[in-house]
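Subject: Handover of a structure

Dear colleague,

Please find the sequence and the structure below, followed by an account of what was found. I would be grateful if you could read the two side by side.

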Amino acid sequence: MDTPTIYDVSRLSGVSTATVSRTFTTPDRVRESTRRRVYAAAEALHYQPSAIARAMARQQTDKIAFLICKEGATILDEFYASICEGVMRRANGTNYQLLISTAEEWTRTAQSKQIEGVILAGNAQADLISEFQRQNIPVVLVNNRAAGFDLPCIVADEADGVHQVVSHLISAGHQRIAMLMGRFSPYVTSARYNAFLSVMRENGLSVDESGALMCDRDIQSATEAALRLLSRPDRPSAVFAFNDVLAAGVMKAARRLGLRLPEDLAVVGFDDSSVCPMMEPELSSIHVDCRRMGELCMEHMAALLDGAQDVPRLTVVPVNLEIRASSRAAI
């Protein structure tokens with residue numbers, strides 16, 4: 001019979017190798033229920049605590065990876081950098097070291113990296129999630145929900161954000177409200193699109209007449225799509241853009257067509273990025289508390305590594321509309 005390894009203890013007890021190590025080296029840092037599970041697994045496997053300590057001294061890293069899962073992303077992406085800041089806030093003062101990368105870069109170079117947990121930010125692919133699970137590495141998702149996986153997910157309240165946008169525009173007198181959709185993750189795209197359809201219908205407005213265009217995520221594609229949308233005879237009087245970059249494209253197209261903002265066209269974005277108060281007029285946008293999302297990621301990850309069984313599978317972070325000059329005026 002093969003000599004049992006620390007990974008066997010980890011799999012049998014259902015906790016990470018980091019938690020197994022702490023159970024025997026610093027048991028006061030591990031909750032009692034988790035300690036009992038680890039001790040029972042080690043006893044069943046006839047595995048000696050001294051062997052665990054030696055193995056962990058050689059292999060334990062106490063590293064957690066934060067991977068941005070977005071095509072063409074860099075670690076400087078403002079939205080995910082803000083989430084990462086929240087993760088780092090919670091990681092400070094703990095024994096965990098944070099590794100930050102993109103999923104694309106990680107896939108190319110991860111062979112030599114040993115981690116105890118991973119936070120996947122954005123559109124994580126199923127095969128990447130499955131690979132981490134195969135290695136018994138705890139996974140937390142942020143800004144995404146993955147069908148077929150039972151994982152803790154932290155998301156913004158997409159539906160309420162869209163509801164706030166459309167309600168604001170309707171209260172300002174708009175009825176021809178269009179939507180400019182970017183090619184985002186299936187989760188974000190469907191959540192915002194379905195919410196838009198729902199709130200429009202709730203207010204008795206025709207979705208067909210409102211217009212809904214899809215474009216790439218860059219400002220050039222957004223500008224070209226908005227030019228088509230705003231050149232229609234029944235052009236909308238307001239546009240909800242899926243993020244602030246797309247909203248900037250709408251504003252650029254409006255100026256090219258000689259439309260005044262917000263007198264002729266109201267524009268609202270999503271994410272409340274740093275560019276919003278820099279634009280002219282200043283851009284209304286849904287504020288997403290990215291730092292709080294990151295803090296929750298680390299809290300959930302720490303609980304998983306400590307063997308907690310009651311980590312929430314879905315945590316929804318509230319959002320709020322920041323109304324600025326791009327949509328403030330009534331028509």
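**Sheets and strand pairing**

Strand E3 (residues 117-122) runs parallel to strand E4 (residues 139-142), and four bridges join the two. Within this pair, Ile119 stands opposite Val140 in E4. This is a predicted model, in which local features need pLDDT of at least 70 and side-chain atom pairs count only at pLDDT 80 or more, while totals for chains, interfaces and linings use all residues. Residues are numbered from 1 along each chain as its sequence is written, and side-chain values use heavy atoms, with hydrogens and water left out. Helices (H or I, at least four residues) and strands (E, at least two) are DSSP runs numbered from the N terminus, and two strands pair if DSSP finds at least two bridges between them.

E3 and E4 belong to an open sheet of six strands with parallel pairing, in the order E2-E1-E3-E4-E5-E11. Its edges are strand E2 (97-102) and strand E11 (314-317), each of which pairs on one side only. On average, neighbouring strands of this sheet are turned by 20° against each other, direction ignored; the axes are lines fitted to C-alpha atoms, and angles run from 0 to 180 degrees between N-to-C directions.

Strand E8 (residues 238-241) is covered on both faces: Ala238 and Phe240 on one side, and Val239 and Ala241 on the other, are all buried (under 20% relative accessible area; exposed is over 50% and partly exposed in between, with a 1.4 Å probe and protein chains only). E8 pairs in the parallel sense with strand E6 (residues 177-182) over four bridges, and Ala238 is the bridge partner of Ile177. E8 also pairs in the parallel sense with strand E9 (residues 266-271), over three bridges; here Val268 in E9 is the bridge partner of Phe240. Together, E8, H12 and E9 make a right-handed β-α-β unit, meaning that, with the strands pointing away from the viewer, the path from the first strand over the helix to the second runs clockwise.

**Backbone details**

Two cis peptide bonds deserve mention. One runs from Leu261 to Pro262, with omega near 5°, and Pro262 is found in the loop between H12 and E9. Another joins Glu280 and Pro281, with omega about -5°; Pro281 lies in the loop between E9 and E10.

Asn143, which is not a glycine, has a positive phi near 60°. Asn143 sits in the loop between E4 and strand E5 (153-156) and counts as buried at 7% relative accessibility. Asp271, also not a glycine, has a positive phi of about 115°. Asp271 is found in strand E9 and is buried, with a relative accessible area of 19%.

**The largest pocket**

About 960 Å³ of space lies in the largest pocket. A pocket is an open set of points on a 1 Å grid over the protein atoms alone, with protein on both sides within 12 Å along at least five of seven lines, and lining residues have an atom within 4 Å of a point. The volume is the space filled by probe spheres set on the points. The lining has 41 residues, of which Lys70, Asp77, Phe79, Tyr80 and Phe184 lie nearest the centre of the pocket. H5 gives the most to this lining, with four residues. The lining residues divide into 15 nonpolar, 12 polar and 14 charged; Ala, Val, Leu, Ile, Met, Phe, Trp, Tyr, Cys and Pro count as nonpolar, Asp, Glu, Lys and Arg as charged, and the others, Gly among them, as polar.

Yours sincerely

Notes: On a 1 Å grid over the protein atoms alone, a cavity is a set of points where a 1.4 Å probe fits but cannot get out, and a pocket is an open set with protein on both sides within 12 Å along at least five of seven lines; lining residues have an atom within 4 Å of a point.
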